Amino acid sequence: MYWNSELETIDRKSLQELQLARLNRALEAASRTSYYKKFFEDAGVDVSKVKTLEHLQDLPFTVKNDLRLSYPDGMVAVPKRDIVRMHASSGTTGKSTVIYYTRHDLDEWAGIVARGIVATGTTADDVFQNMMGYGLFTGGLGLHYGAEKVGCFVIPASSGNTLKQIQFFQDFGTTVIHITPSYSLHLVEVIREQGIDPHSLTLKKAYLGAEPYSEATRDRIQDLYGIQAYNSYGLSEMNGPGVAFECIHKNGMHLWEDFYIAEIIDPVTGKQLPDGEEGELVLTHINREAMPVIRYRTRDLTRFIPGPCPCGRTHRRIERIKGRTDDMMILGGVNVFPSQIETVLMNTPEVGNNYQLILERVSNLDKLHIRVELNSSMFHGDLKELDALRKKIGEQLRALITINPRIELLEPGSLPPSMGKAQRVIDNRKI
Ligand code: DLL
C-alpha cells in the first residue's frame with residue numbers, strides 16, 4: 001500500500017523538522033552557485049538567518065527567467081563530475097531551461113515516483129506502457145525509473161506511433177498507461193477506428209498529467225476506456241513528474257513535502273494565502289543536490305485541500321490545477337481559464353475529443369472563437385441539429401462563465417491530433 005510508509009505517513013511535526021534541516025542544506029548549496037550567490041546578495045538577504053520555515057518568506061522568488069539567465073549552469077551546486085543527467089524544456093521563447101541531477105538525485109526522484117505509482121495500487125504484476133516523450137522532456141524517463149523501481153514490466157513506448165501502441169496493448173497485455181490527457185483522447189479514437197472496443201483491452205489505469213485538463217475530461221477518459229485515471233503533477237524545474245500524485249481516493253494529489261516546501265501565494269501581491277485558499281503554487285526543492293531551486297513560481301493555480309486523506313498519507317493534497325496564470329484569458333472583462341471552457345465541452349456528449357480556442361482582437365475587443373470536433377456517432381450533418389447544439393453549448397458557456405464566443409462545429413478528425421502536450425489556445429491578438 002505504501003512505497004515508503006515511514007516517510008509517507010510521517011507526523012507533521014517530524015516532517016517540518018525534516019523540511020527545515022533540508023531547507024538549510026538546500027540554501028547552503030544554493031549559496032555556492034554563481035547565480036544564487038549574486039541573487040541573494042542583490043536582494044540583500046542572508047540565508048544563514050533562515051532559522052524557521054516561516055523565514056522562507058523573507059527570500060525572493062525564483063522565476064522561469066532566472067533559470068534562463070543562469071543558462072547553461074549558473075545554478076549548479078556540485079562539481080560537473082557528480083552530474084549524471086540533464087533534462088531541458090525548450091519553452092516557446094528564449095533559451096532552454098536546463099535541470100541537472102546527480103546519481104543520488106535520480107534515485108530519490110525515482111523513489112517519489114514509485115510512491116505515486118504504489119499509491120494507485122500498481123504492483124510488480126502490472127505492465128506499464130509509458131507513452132510520454134522520452135528525451136529532454138522529463139515525462140518519459142521520469143516515470144520510467146519509478147515504475148522499474150516498483151518492479152513493473154515497463155514498455156518505454158514514448159509518444160506517437162499510435163498503431164504500434166495499440167499493438168503493444170494487445171501483445172503485452174498492458175495494464176497501466178502514462179499519457180497526456182489530450183493524446184489519450186486521440187488514441188481512443190484510433191483504437192475504435194481499428195474496430196477494437198477499448199473496453200475489451202487489458203487496460204486498468206492511466207496516469208494523466210503534463211497539461212491542464214478538467215475533471216470532465218478525466219470522466220470522459222475513464223468512460224471511454226473503462227479504466228481508472230489518476231492525476232499526476234510535476235514540472236521540470238522540480239525534477240519532472242512525481243511532485244504530486246493522486247492515491248486510490250482520487251481526491252487531490254499528495255504533494256511530497258519531504259522533497260518540496262509548498263506555498264500558495266496571491267499571484268498579484270506575492271503574499272502567502274491562508275491554508276485552503278486558491279492561488280499560485282510556489283515550490284522550493286529541498287532534496288536535490290545538483291540544483292537547488294528556491295521559491296519557484298510555478299504559475300500554476302491550485303489550493304490545498306483541507307483535512308486528512310483516508311489513505312493515511314500525511315502529505316497535503318493539492319487540488320487539480322485550474323490553469324496557469326499566463327493562460328488566463330480576459331474576455332469582456334471576465335477572467336476565463338481554458339479548463340472552464342473544456343468542462344462545458346467535455347460534459348456535452350455530442351462533442352468529440354478535440355477542440356481549439358482561438359483568441360482574436362476585433363476593434364480593440366478580445367473575441368474568442370471555439371473550434372470543436374463533433375462526436376462521430378452524433379455527426380449526421382443535419383443543419384438544424386447542429387444549430388441546436390451550437391445554441392446549447394453557447395447557453396451553457398454563458399450560464400457558467402458569462403462569455404459569448406463564436407462556436408464552430410467540425411467534423412471528427414478536422415483538428416490536428418495531439419501526441420503530447422496539446423496546444424489548445426491559439427492567440428492571434430496583435431498586442
Ligand atoms: O510536464 C512534467 C510532467 C510530465 C508532469 C508527465 C506530469 C506528467 P514541464 O514540461 O516542465 O513538466 O511542464 C510543467 O505542465 O507547470 C503545469 O502547468 C503543467 N502540468 C503538469 N502536470 C499537470 C497536471 C512536465 N497534472 C507544467 N495538471 C506545469 C495540470 C499540469 N497541469
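Which backbone atom lies 2.7 Å from a nitrogen atom of the ligand? A backbone N or O atom of Ser 232 holds that position. The structure is a predicted model, in which local features need pLDDT of at least 70, side-chain atom pairs count only at pLDDT 80 or more, and totals for chains, interfaces and linings use all residues. Residues are numbered from 1 along each chain as its sequence is written, and side-chain values use heavy atoms, with hydrogens and water left out. This briefing covers the ligand and its shell, the paired strands, and the salt bridges.

**The ligand and its shell**

- The ligand is surrounded by 20 residues, a residue being near if one of its heavy atoms lies within 4 Å of the molecule.
- The closest of these residues are Asn 231, Ser 232, Ser 236, Asp 300 and Lys 421.
- A polar backbone atom of Ala 210 is 3.0 Å from a nitrogen atom of the ligand, and a polar side-chain atom of Asp 300 lies 2.6 Å from an oxygen atom of the ligand.
- Of the 600 Å² of accessible area that the ligand has on its own, the protein covers 93% (areas come from the Shrake-Rupley method with a 1.4 Å probe).
- Helix H6 (138-150) and strand E7 (228-235) each supply at least two residues of the shell; helices (H or I, at least four residues) and strands (E, at least two) are DSSP runs, numbered from the N terminus.
- The largest share of the shell, 5 residues, comes from E7.
- By class, the shell holds 8 nonpolar, 8 polar and 4 charged residues. Here Ala, Val, Leu, Ile, Met, Phe, Trp, Tyr, Cys and Pro count as nonpolar, Asp, Glu, Lys and Arg as charged, and the others, Gly among them, as polar.

- E7 and E8 run antiparallel and are joined by 4 bridges; two strands pair if DSSP finds at least two bridges between them.
- Tyr 233 stands opposite Ala 244 in E8.
- The hairpin of E7 and E8 has 4 residues between the strands, and Asn 239 in the turn has a positive phi of about 100°.
- Strand E8 (residues 240-246) is mostly covered, with 7 of its 7 residues buried (under 20% relative accessible area; exposed is over 50% and partly exposed in between, with a 1.4 Å probe and protein chains only).
- E8 also pairs with strand E9 (residues 253-255), in the antiparallel sense over 3 bridges, and Glu 246 stands opposite Met 253 in E9.
- In the hairpin of E8 and E9, 6 residues lie between the strands, and Lys 250 takes a positive phi near 50°.

**Salt bridges**

- The count comes to 28 salt bridges, each a side-chain nitrogen of Lys or Arg within 4 Å of a carboxyl oxygen of Asp or Glu.
- Glu 8 and Arg 313 meet through their side chains in a salt bridge (2.8 Å, N to O). This pair links distant parts of the chain, 305 residues apart: Glu 8 belongs to helix H1 (residues 5-8), and Arg 313 to the loop between strand E13 (304-305) and strand E14 (317-318). Both Glu 8 and Arg 313 are buried.
- Asp 107 forms a salt bridge with Lys 149, their closest N and O atoms being 2.8 Å apart. Asp 107 is in helix H5 (residues 103-119) and Lys 149 in helix H6, 42 residues apart. Asp 107 counts as partly exposed because its relative accessibility is 41%, and Lys 149 counts as partly exposed at 31%.
- Asp 326 forms a salt bridge with Arg 324, with the closest N and O atoms 3.2 Å apart.

How values were computed. A polar contact is a pair of N or O atoms within 3.5 Å; within protein, one must be able to donate a hydrogen and the other to accept it, and residues adjacent in sequence count only if both atoms are side-chain atoms.
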